[in-house]
Amino acid sequence: MPLFDENAEKKTNVARESRFVRLVTGMPTVVQILEHDSVAKYQHWLTTSDGKRVSVRCTGFLSCPVCARNASIDNDRDNPKYVASQRRYMINVIDLTMVKRSPNTGEIFIATKDTNGRFIYSDRDSAGNSLVDVVAEPWKAVKVLEGGPRLFKKLQSLAETTLGSDGTPRDPTAYPLQIVRVGDGRDTDYLLSALVGNAATVNPADYTDQVIDLRADSGFTRDEVEAILSGTTIKDIFAARVANTQSISDDLFDLELGD
Ligand SMILES: [Zn+2]
């Protein structure tokens, strides 16, 4: 047991819009992986009585309230109350997607799809300042890349087949990679390519103080999951937490991002 563990209190992300990389269908997203191992977990996505989509950690058949409810309806997948668990993987990355940053408001703009299907940047910030002359640059925000087996198998395969001059795999944290999400729903797939030598390449060591501790369990408690299942709103759950002087995590509101 170390008396001093420099990794014991990693900074967690609270200020950013979302701590998750958002993979938008058809849009190239560029990230660089910051660590060598992903974290895997099972989770359920629940819709709360106030219409929020929240992910709750599945703790297994014997202790998970969602699995218990599934069992109570004979695991009938056609029953609207049935909520399957999904295996999810997470890893810290630095998001190097090209964004425009307003010099006036500090707002960050990613390209969004226009009516012709092209990805374009907003031409104004929220204060009305023109962004036309602002040059897009890599975002450089530390985030969590989260996905299912399909995406992470592809990441593993890319790492194994991206070889250095000596014919062995390169360090997967040493180069950016591009991810393009294609298709939707069950047909969602990902096109990955390694961007070895890309100008946006960063030194992962410069970001170690920002990585998020993915093993820390900051999700809902068992009592809270049971409350969600019985119709308690997220607002009331957080109000109860405040009453109990627990901290609120806005990470729980992140969107479902597909497989
Ligand atoms: Zn479960």
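**Exercise 1.** What pLDDT does the protein chain average, and what percentage of the residues score at least 70?

*Solution.* We begin by recalling that this is a predicted model. The protein chain averages a pLDDT of 85, and 87% of the residues score at least 70. Turning to the elements of the chain, we find the lowest mean pLDDT, 82, in strand 7 (residues 112-113), while strand 12 (residues 189-194) has the highest, 97.

**Exercise 2.** Find where pLDDT stays under 50, and decide how such places should be read.

*Solution.* One such stretch is residues 9-16, for which the model has ten contacts beyond four places in sequence. Another is residues 246-259, where the model has 25 contacts of that kind. Where pLDDT is low, the predicted coordinates should not be read in detail.

**Exercise 3.** Work out the order of the open sheet of three strands, and name its edge strands.

*Solution.* The order is 6-5-9, with antiparallel pairing. The edge strands are therefore strand 6 (108-110) and strand 9 (137-138), because each of them pairs on one side only. Looking next at strand 5 (residues 98-101), we see that three bridges pair this strand with strand 6 in the antiparallel sense, and that Lys 100 stands opposite Phe 109 in strand 6.

**Exercise 4.** Describe how strand 2 and strand 3 are joined, and what lies between them.

*Solution.* Strand 2 (residues 39-47) and strand 3 (residues 53-57) run antiparallel and are joined by five bridges. As an example of a bridge, His 44 has Val 56 in strand 3 as its partner. The two strands form a hairpin with five residues between them, and in this hairpin Gly 51 takes a positive phi near 80 degrees.

Key: Residues are numbered from 1 along each chain as its sequence is written. This is a predicted model: local features need pLDDT of at least 70, side-chain atom pairs count only at pLDDT 80 or more; totals for chains, interfaces and linings use all residues. Helices (H or I, at least four residues) and strands (E, at least two) are DSSP runs, numbered from the N terminus. pLDDT is the predictor's confidence in each residue, from 0 to 100. Two residues are in contact if their C-beta atoms, placed from the backbone, lie within 7 Å.
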